[in-house]
Amino acid sequence: MTAAEDELLLREAEKIAHAVGRMFPGLCEVVLHDLRDPAHAVRAIEGSLSGRAPGDPATELGLARIADPDFPDVLQNYPNRFPDGRPAKSTSIGIRNTAGEYVAALCLNLDVSLLGSAAQALTRLAATDGPAPLSETLRARTGDELRALVEEYAAERGHTPRSLPAAAKKDLVRSLKDRGFLELKNAVAALTDLLGISRASVYNYLR
C-alpha cells in the first residue's frame, strides 16, 4: 500500500473521530493516532478530556501496537484513568492497511466518574424505607373485582357467599375494608346483596 493510500485511511478515520466525539461532548474523548509517526501520533482529538492535543506522542498502548503486528485489533472496555485521576473506560481500535500493517488507532475514552455519581444518585432515589404496615395495590378497585373476591372467598370454604357462616362473613367484610373495597360507590349495597345480610349487619361487622 502506498503512503497516499495510508493517508486516505487516516483522513476517513478522522471523520469518524470527530463525529463520534461530538455525539458525547464532555463525556467521551475520541483520539485518532497516526501510528506511522509515534512521536507525534495524535492526528485528531475530539472532546479532549485528557488535555492532549494534535501532535502529542503515542501512548504506551500505541507503542505496543506499533511494535507487535499480532497486537489485538480491538481492546474493548478496559479500565483507564485521565491525568487528573478521573476513572475512564477505554476502547482502542487498530486500523490496518491492505498489507496488514497498523497505520492508525481510533481510541475512545469515556469519563465514567459522572456516570458513577449518577448511578449513586439513582440508587439513593430508588431506595425505600421499611415496608408499610399493610400491603398496598396502586390501582383502582372495581365492583366486578369486589364480586369476584367475595365469590372466591366463599368457594375456597365450600360455600356460596350467602351460605357463609356469620363469622366468615364478618372476616370477609373486614378484609375487604382493609383492602379499600368499601370505598367503592355502592359497595355496602353490593355486599348486602351478595351475602344476604342487612346494611346494619355490614356496619356491625366493621365495629
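Biologist: In this predicted model, what order do the elements of the protein chain follow from the N terminus on?

Modeller: The order is α-β-β-α-β-β-β-α-α-α-α-α.

Biologist: What radius of gyration does the protein chain have, and what would a compact globule of 207 residues have?

Modeller: The protein chain has 35 Å, whereas a compact globule of 207 residues would have a value near 17 Å. The globule value follows from a rule, 2.2 Å times the number of residues to the power 0.38. Along the principal axes, its C-alpha atoms fill a box of roughly 95 × 35 × 25 Å.

Biologist: Why are Ala187, Val188, Leu191, Thr192, Leu194 and Leu195 of helix 6 called buried?

Modeller: A residue is called buried when its relative accessible area is under 20%. These six names, in helix 6 (residues 187-195), are classed as buried, so each falls under that cut-off. In the protein chain, buried residues make up 32% of the 207 residues.

Biologist: Which helices do the buried residues of helix 6 pack against?

Modeller: They pack against helix 4 (143-156), helix 5 (166-178) and helix 7 (199-205). Contact here requires heavy atoms within 4.5 Å.

Biologist: Which residue follows helix 6, and what is its phi?

Modeller: Gly196 follows helix 6, and its phi is positive, near 70°.

Biologist: How many positive and negative side chains does the protein chain have?

Modeller: There are 25 positive and 28 negative side chains, and the centres of the two sets lie 16 Å apart.

How values were computed
Residues are numbered from 1 along each chain as its sequence is written. This is a predicted model: local features need pLDDT of at least 70, side-chain atom pairs count only at pLDDT 80 or more; totals for chains, interfaces and linings use all residues. Side-chain values use heavy atoms; hydrogens and water are left out. Helices (H or I, at least four residues) and strands (E, at least two) are DSSP runs, numbered from the N terminus. Buried means under 20% relative accessible area, exposed over 50%, partly exposed in between (1.4 Å probe, protein chains only). Lys and Arg count as positive and Asp and Glu as negative; His and the chain ends are not counted. The place of a charge is taken as NZ of Lys, CZ of Arg, CG of Asp or CD of Glu.
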